[in-house]
Amino acid sequence: MTARGLLFVFILVFFASCSNKTFINQEGNEQKIHQLISQMTLDEKIGQVQQVTDGFFGNEEETKQAIRDGKVGSFLNITGPERIAELQRVALEESKHGIPLLFGRDVIHGYRTIFPIPLGMASSWEPDLLEKAMRVSAVEASSMGINWTFAPMMDVTWDPRWGRIAESCGEDPYLASQMAVAMVKGFQGDLNDPTSVAACAKHFVGYGMSEAGRDYNTTYIPETLLRNVHLRPFEAAKNAGVLTFMSAFNDLNGVPTSGNEFTLKHILRDEWKYNGMVVSDWGSIGEMINHGFAANRKDAAEIAVKAGVDMEMATTCYTDNLKSLLEEGRISEELINEHVANILRVKMEMGLFEKPYNQMVSTDTILSASHLELSRETARKSMVLLKNTNKTLPLSKNIRSLALIGPLADAARDQLGTWIFDGNEDDSTTPKQAIGSILGTRMNYVAGLEYSRDKSTKGFEKAVSAAKKSDAILFFAGEEAILSGEANARGIIDLPGIQTELITELKKTGKPLILVVMAGRPLAIGAEMEMADAVLYAWHPGTMAGPAVCDLLFGDFSPSGKLPVTFVKGAGQIPFYYYRKNTGRPATSEDVVSIDDIPRNSKQLSLGFKSMHIDYGITPLLPFGYGLGYTEFSYDNLALSSSEISQDETLTVSARIKNTGNYTAGEIVQFYIRDKVGSITRPIKELKGFQKIELNPGDTKTVSFELKASDLQFFNGRDYLVEPGDFDVWIGPNSEEGLKGAFVLK
Ligand code: BGC
């Protein structure tokens, strides 16, 4: 154990022995909460509902005094385990009621060991892997004193312009729900475990529908869509025991989500019976003034506190106004008590009253070999092979010479992706380093451009000449980390800068051209895909980008990721998601007319009166669920346990999958349904299950999915119901292909 590790054990033992004063038994929590609240002054209660950032109260002594005076319930972004321990000690030992503090931080896709961005992790379609990755993140974060993370983000989005798509699990509510639950389990683990970190279901709700993908923008989501899509991951997370929720920034149908009684009260509390705490997003209470929903900060506080936001993050509308709102009779003390109770309940459930320092066990595990290995595995499983003509990939490790081009091949910071507060670029192994360690001098690296948005062609010549001398070209394309994430919306979702021009020049050499794309969103890379012989979409893979990409490029493993989001041909096609509606005029591929084929003086009124784009057609660049490997899988023998089921029966649908190629590989088998007629129109496909299998060459496996009538439930504007009728089912490799069957629900 290091000296630092020993110090933590000492802190742990010392503080554990001091904390008896505040010992509160798990049993009878409600009674204890009640008792505690009855002893608290109004100011102390208002302190509990306040979360502030580091430095808010001034210097360290002023901060401690504020804690002693009960002016704060939680801090965010305080770092340093010794410091956190000391502030927690002050809360327990020197404040009147000894209420522990929550120390929050955005631990989104890793603490120091950075995993792929969530959209990348979702491409693994392996919830267990995400659970493990977030467990590791919690172990590392808790060792630094953090006991609350603002993750996972479970906003469903259809919009690659939105920078926060990087933090999402994509477009599908079923996949996003599975991943949200896994991540919550990973962060929280066993609440009695010293490494448990409270998770936060964010951003409640609808934020992923920000108009035009512009961050913080207005959202309009009809209740049917809200319930059938956007609320689902949140409800799943609630059922999985997520301890906290975060209200969002967006205006939802005219009512900002941080002042929205319908979502925060009616749905979250009354329908779902959630009794944890809701924190606002950063400043989102005061922003209701900008929304035009509150006249001033006092009104904003009144609206939020009545709607159900328990704790205010970063700003002080509550602290500054709750007392006068009470004096003026605009709110009651019971209402404040309710919010305080929700916060205390979370602190108790986490065991902070008994074990306030238990998080700080040992920092020895940070960046441990097993953590890095898990990061590498997760990154490898997150990458999606989009194209591989003539088996260009995998490359032989004996290749005579490889031209490695593109600044992203050696961008230690960018490969970590967005939202990494504690990730350190010095911990990264870049693709250039990893490939170099395999090929040595047979790798010829020329960046070609200085960074992804560089517009200077001065490096082109050297890059092309390196390409000419090599047996193959490996170009790392994409966007830097700063181009995705919060506030980083793009209207144009092509490769930035002049990367395409460089790819065009490289293509002219006639050498096999492999693209690895590192990005925080699905980019519109149709033209580049056309030029390339092989394309591997790596997202922002995290600390272990280099070794993970080598695992695939050199064939130690077959790529197995599949897209959790539709890839569009261009921004004009947005939104394009697989569970869209059929419309009254669906077009088939025969209907599609290209803008180039329309005669110059066409007298036609229209081109077939069908729902299509005359430039994009009717298909996306790549469908949801798509991904290739180094082998092929065949699907046959679709079987349904019955062609008819009643409401209390379960249908089993199975298919046989065979690895018909030469590689051992994983395959994500997907199960979709279509409800053919409904009391409201139903999507053309809905994902209802998936399984990842691994098969050796020549092996087969029968994969089965069970479907209960309740899985077919949807909200039709009035009720949740299961409607009898005809259904289609598919088992397939993606949302567009598969074996099709049908059944009737009686
Ligand atoms: C983001 C949240 C985040 C919070 C605290 C906000 O700007 O929207 O997702 O948790 O900041 O850092």
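## Second largest pocket

In this predicted model, the lining of the second largest pocket divides into eleven nonpolar, eleven polar and eight charged residues. The pocket holds about 830 Å³ of space. Its lining comprises 30 residues, and Arg580, Asn582, Ala587, Ile618 and Ile684 lie nearest the centre.

Domain 3 (587-619) and domain 4 (633-745) both contribute residues to this lining, so the second largest pocket lies between them.

## Largest pocket

The largest pocket has a volume of about 1000 Å³. It is lined by 43 residues, with Arg227, Asn228, Arg232, Lys688 and Gln713 closest to its centre. Two or more lining residues come from each of α8 (173-188), α9 (223-230), α10 (232-239), β21 (686-695), β22 (700-708) and β23 (714-715). Strand β21 gives the most, with six residues.

Domain 1 (3-349) and domain 4 (633-745) each supply at least three residues of the lining of the largest pocket. By class, this lining has 20 nonpolar, ten polar and 13 charged residues.

## Cavities

Two cavities of 30 Å³ or more are present in the structure. The largest cavity contains about 120 Å³ of space. Of its 14 lining residues, Gln48, Ile67, Gly70, Ser95 and Ile99 lie nearest the centre. Helices α3 (42-48) and α4 (60-68) each provide at least two residues of the lining, which has six nonpolar, four polar and four charged residues.

The second largest cavity has a volume of about 30 Å³. Its lining consists of Ile108, Pro118, Phe150, Ala151, Pro152, Met153, Glu167, Met183 and Lys202. Seven of these residues are nonpolar, none is polar and two are charged.

Technical notes
Residues are numbered from 1 along each chain as its sequence is written. This is a predicted model: local features need pLDDT of at least 70, side-chain atom pairs count only at pLDDT 80 or more; totals for chains, interfaces and linings use all residues. Side-chain values use heavy atoms; hydrogens and water are left out. On a 1 Å grid over the protein atoms alone, a cavity is a set of points where a 1.4 Å probe fits but cannot get out, and a pocket is an open set with protein on both sides within 12 Å along at least five of seven lines; lining residues have an atom within 4 Å of a point. Grid points are joined across faces, edges and corners, and a volume is the space filled by probe spheres set on the points. Helices (H or I, at least four residues) and strands (E, at least two) are DSSP runs, numbered from the N terminus. Ala, Val, Leu, Ile, Met, Phe, Trp, Tyr, Cys and Pro count as nonpolar, Asp, Glu, Lys and Arg as charged, and the others, Gly among them, as polar. Domain bounds come from an automatic or database domain assignment.
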